[in-house]
Amino acid sequence: MMDTPHMSLSVFSSTLITNALIFSTILGILSYVRRPCQLPCPPGPKGYWLLGLAKVPLIKPWLTYIEWGKKYGDVIHFTRFGRHYVVINSLEAANGILERQAQFTSDRPTHSKLDQIADFERTLATIPYGNGWRAYRKLFHQNFRAKASIEYRPIEVKQVHKFLNGINSSKMSLRDQVSTLSQIVMFDSVYGLEISTNKDDMSQHARDIIELNDLQFIPGWEAFKGIPFIDLLPSWFPGGHYRIAHEMLAEVFKAAAEGPWGQTLKAMEEDENHSSLIAKLLSESPQNKSNEEIELIKNMGMQAVAAAADTTMSAICTFFLAMSLYPDVQLKAQQELDTVLGRGQTPTFDDRSSLPYVEAIYREVMRWHPALPVGLPHGCTEDIYYKGYIIPKGTVISANIWAMTHDESKFDKPDEFIPERHLDQKSDINSILAYGFGRRICAGRYMADDTTWFAIASILATKSISSLPNENVEDYFSDGSFWIDIELNFGCCFIELDQESGLQGDIAFVKYLWSRNLVR
Ligand code: HEM
């Protein structure tokens with residue numbers, strides 16, 4: 001077989017299925033045999049004997065899980081290639097599993113050989129639970145907790161004002177401008193560096209991380225990782241593309257960590273007034289810093305930029321979309337701003353508590369279209385129990401944040417954008433479900449909260465958003481784990497899928513690797 005894009009996809013896919021079937025049957029038997037059987041797993045779609053579900057939903061999967069939930073309940077279990085998956089559809093169950101049993105549900109499913117090839121230990125979001133995660137999370141927390149995040153506000157103000165000044169004259173699309181804003185705030189804060197567009201090399205590396213990772217967040221898609229020896233397959237062999245993709249990720253992680261790091265060290269040498277988080281951390285007792293500590297700081301910078309890139313962009317783009325569709329909401333917010341601040345005045349962070357309607361808009365943005373509708377997958381390190389069911393050790397657990405923020409029993413007309421629903425609620429960041437759960441809750445949420453709120457308030461105070469061309473809201477959103485492309489060209493989710501099938505996802509993934517010349 002030739003190592004070429006011209007290889008027939010049908011031959012490829014049938015071989016892939018055969019291999020997957022053999023491997024997964026073995027895995028299925030092993031996992032079935034070792035599965036504790038005193039209690040049943042939660043109900044869910046069964047798929048094939050031992051193999052489990054051949055197909056998992058890849059197109060807006062959160063909607064399929066809501067449908068499954070109507071049949072199976074709010075905790076759904078399925079297996080794929082011998083791996084156990086649980087999807088949680090309700091806040092009550094998320095509290096019972098991810099919060100109250102957090103000591104056993106705070107892992108990430110990144111223990112395979114492929115995960116090691118990808119170097120997932122470099123990012124806090126993907127490093128397995130344990131001492132490595134604790135040290136990394138501690139460093140992140142010290143620099144991005146509520147109090148520390150206040151330090152970045154002057155940069156947020158500067159960059160949001162720059163964004164507003166350029167918004168009408170920029171040659172970039174609105175999405176690219178918002179994407180640039182989301183990243184520049186982080187580059188400036190962490191490294192003291194400015195990017196001019198989201199197409200800059202440094203910026204592109206951060207986005208490549210997101211793109212290569214996108215499907216990994218969808219429950220069941222990454223089940224192939226458990227197939228024995230998959231990391232050893234040559235690139236031309238069916239399934240060999242997974243190794244290539246994971247090697248690519250390692251390269252991208254490295255480039256994203258080393259590039260801005262090197263530039264910051266240079267800037268520190270050349271400019272004695274250079275200020276940034278990295279410079280601050282390096283100047284604190286530099287002689288006592290071990291190589292491990294230096295690596296951790298370096299990786300934290302890369303993680304911060306990558307984590308902020310598409311999430312913050314998604315939230316701000318969602319805000320633009322909502323304002324274009326709900327002009328009355330926009331008017332009401334502008335009246336509040338005019339009354340509290342005076343017409344044409346831009347807000348400051350000190351004004352936040354005096355602007356309850358603007359606050360409600362921010363909270364509704366986070367509810368209406370959460371940036372990561374199925375969050376990031378948690379891993380289960382022990383057998384745990386919930387309402388008479390067992391969730392076996394090793395299960396990949398996903399919180400369907402979308403289902404929780406569109407729960408009709410809690411939110412009247414959940415598909416509509418109604419900020420008023422938050423007006424009499426206590427303003428507590430920890431109640432924003434879009435930031436996730438338990439010990440793996442978003443480590444950058446205070447800064448994300450500041451940046452997103454400040455952008456929303458400043459845009460409302462200075463601009464009027466007119467209507468966007470498309471009537472169908474869902475058309476503005478991509479199908480994968482990340483959201484939104486205002487121009488409808490699916491910039492966030494790198495694969496357009498036309499069928500709800502795991503195999504289609506694999507084929508689309510191979511096509512993507514070919515199209516980017518990533519298959520060698
Ligand atoms: C609107 C913007 C953002 C949203 C909606 C968001 C959402 C999330 C979610 C859902 C998770 C997974 C939580 C879980 O596993 O249950 C997460 C993890 C994470 N986020 Fe954010 N995020 C945002 C912005 C940011 C920013 C700006 C940073 C960096 C300063 C950041 C850093 C992280 C990190 C490091 C993790 C991994 C934490 C861990 O695994 O221990 N995020 N985020």
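Phe81 counts as buried because 26 C-beta neighbours lie inside 10 Å. (A residue is buried with 20 or more other C-beta atoms within 10 Å of its own, exposed with 12 or fewer, and partly exposed in between; C-beta atoms are placed from the backbone.) Phe81 sits in the loop between strand 1 and strand 2. Its phi is positive, about 50°, although Phe81 is not a glycine. Most residues other than glycine have a negative phi.

Phe229 also has a positive phi, about 65°. Phe229 is exposed, with 9 other C-beta atoms within 10 Å. Its place is the loop between helix 9 (201-213) and helix 10 (240-270).

## About the model

This is a predicted model: local features need pLDDT of at least 70, side-chain atom pairs count only at pLDDT 80 or more, and totals for chains, interfaces and linings use all residues. Residues are numbered from 1 along each chain as its sequence is written. Helices (H or I, at least four residues) and strands (E, at least two) are DSSP runs, numbered from the N terminus.

## Helix 3

Helix 3 spans residues 91-99, and its buried residues are Leu91, Ala93, Ala94, Ile97 and Leu98. They lie on the same side of helix 3, because they cover an arc of only 150° around the axis. (The arc is that of the directions from the helix axis to the C-beta atoms.)

## Around the ligand

The ligand has 29 residues around it; Ala307, Thr311, Gly436, Cys442 and Gly444 come nearest. (Near means a C-beta atom, placed from the backbone, within 6 Å.) Helix 12 gives the most to this shell, 7 residues.
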